[in-house]
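Here's a quick tour of a protein model for someone new to reading structures.

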Amino acid sequence: MLSRVNPTQTKAWKALEAHAAATSDRHLRDLFAADPARFDRMHVRLEDLLLFDYAKHRVDETTLDLLAQLFEECGVAEGFRAQLQGAAINETEGRAVLHTALRSSSTEALLVDGQDVRPLIARERERMLAFAEAVRNGDVRSASGEKFKHVVNIGIGGSDLGPRMAVEALKPFAHRGIQLHFVANVDGADLHETLQLVDPARTLFLVASKTFTTQETMANAEAARTWLVQHLGDPGVVADHFAALSTNLAKVEAFGISAERTFGFWDWVGGRYSVWSSIGLPLAIAIGADGFRAFLAGAERIDRHAAEAPFRQNIPWLMAALGIWYRNFMGAATHAVLPYDQYLHRFAAFLQQMDMESNGKYLDRSGQRVTYATGPVVWGEPGTNGQHAFYQLIHQGTELIPSDFIASVVPQHPLHAHHAKLLSNFLAQTESLMMGRPEADSPFRVFEGNRPTSTLLFDALTPEALGALIAMYEHKVFAQGVVWNVFSYDQWGVELGKEMANVVLPELEGDGPIGAHDGSTTALIHHVRTLSSKALNS
């Protein structure tokens, strides 16, 4: 189990508070001027994969030593071992947290509730990958015998964000004869516009819901089924045009999907950590079984790195520690993630769920309200687009915004002159954020600098590299949750709005009395009912 250490009561936390107060007026320009070898000590190179540069942070040797001590006092390494070994560290739900097992090549028994889960993982993975290959090569066909041209994934949250981001990121490796589409929002516009793009006779729908009861997903799945039957004229076509990513076989069968086309996963796989499981079927269809295995291998490489590397060479732990330094000791409320890679245009949105749903908690693991800041707001967009939008705030705004810059040395497209321009902006931004411009002909052209950045520079964005990138952020979030003493793997904050929506829905759809709500909500329900009635009767 995870420790229940209040981080503010550790020796390291108190020393970090004093250290932050004593060094608050230091500038990165001065740190670099005083230490020409700073980069040599403050970067990590993983051969044939990436370089992580953390030299442009407002830290020194003392800062890093104290952060390492904080991790030790809070039990980060022990907590990570407990997770890897299958301990029920998701205590509020009584579950293990084993997304790492989904990408492990180990054959050593891994017991959950007395059962070795390794064979279960391998069997379900091979079933899923065999189906993906059959869709790709045309062995699995539509009701009319045609190859599938369109695959529509219907899910929400982790059942959408992970596979959608990964499919976009690895588009250069994708089967170009199959177009992947994603529907998540219960707003009917999402499904409606997607259905305008696809041929019903050549479309495969994937319904991704562990319980097969998720309101948004099932509303979209049922509407898609109705649309398909209307266009093809036979309810029997559902069996040929749908597959399920779920564990609720009874509901899947009632929907019209066979067990052979149902691919499961387990309650120790959280939604936002599920792209490694059968939820990754859209990615497997896009990049093939070999590509998906390389994706898993990249993540496993980082799992080993996180478990074995010392603190000063451990990329996820350094990322986590730097985030804690800024969040808790420097007053930074947000964290920007800035990929200089258009293929990663959905990466920040994916990380928002991973980070904010995991560590956006105000209760510690003992159920007490915390007295310190926990998860930051995570946001970002690809460069160079962001430079023409919000970088003004990062450069000259009043908020301190630590930022992660992500890029690859070798592009996955042939326009190399474009890539040189992209990388020149990528490198110039981190330098200018750090150095600033202390003198100019106008005060409006002065840049204070001293804005911290991390650089994640991959050799190339391959399936292995993407797997590694995701895993680094997973372990960063885990380590921060251990230090902040919160349960990172539940998400009770998602539930209340869903429950209240189930109360409001029949009130919107009917004309009976409206239940007990606040005055604002009651008035808004009346307003919607009145206008909806007029629209339907006009």
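Before we start, strands (E, at least two residues) and helices (H or I, at least four) are DSSP runs, numbered from the N terminus, and two strands pair if DSSP finds at least two bridges between them. This is a predicted model, where local features need pLDDT of at least 70, side-chain atom pairs count only at pLDDT 80 or more, and totals for chains, interfaces and linings use all residues. Residues are numbered from 1 along each chain as its sequence is written, and side-chain values use heavy atoms, with hydrogens and water left out.

- Strand β8 (residues 242–245) runs parallel to β9 and is joined to it by two bridges, with L245 opposite F263 in β9.

**The six-stranded sheet**
- Another open sheet has six strands, ordered β1-β2-β13-β12-β10-β11, and its pairing is mixed.
- Here β1 (43–46) and β11 (377–379) are the edge strands, each with a single partner, so one side of each is left without a neighbour in the sheet.
- β10 and β12 pair in the parallel sense over four bridges, and L338 is found opposite F405 in β12.
- Helix α17 (residues 463–484) packs on this sheet, touching β2 (50–53), β10, β12 and β13 (453–460); contact means heavy atoms within 4.5 Å.

**Aromatic rings**
- You'll find 25 aromatic pairs in the structure (rings of Phe, Tyr and Trp, its six-membered ring, pair if their centres lie within 6.5 Å; planes under 30 degrees apart count as stacked, over 60 as edge-to-face and the rest as tilted).
- Y340 and F405 make a stacked pair, 5.7 Å centre to centre with 25 degrees between the planes.
- That pair links distant parts of the chain, 65 residues apart: Y340 is in the loop between β10 (334–339) and α14, while F405 is in strand β12 (residues 403–410).

Technical notes: Axes fitted to C-alpha atoms, helices over the stretch in contact; angles between N-to-C directions.
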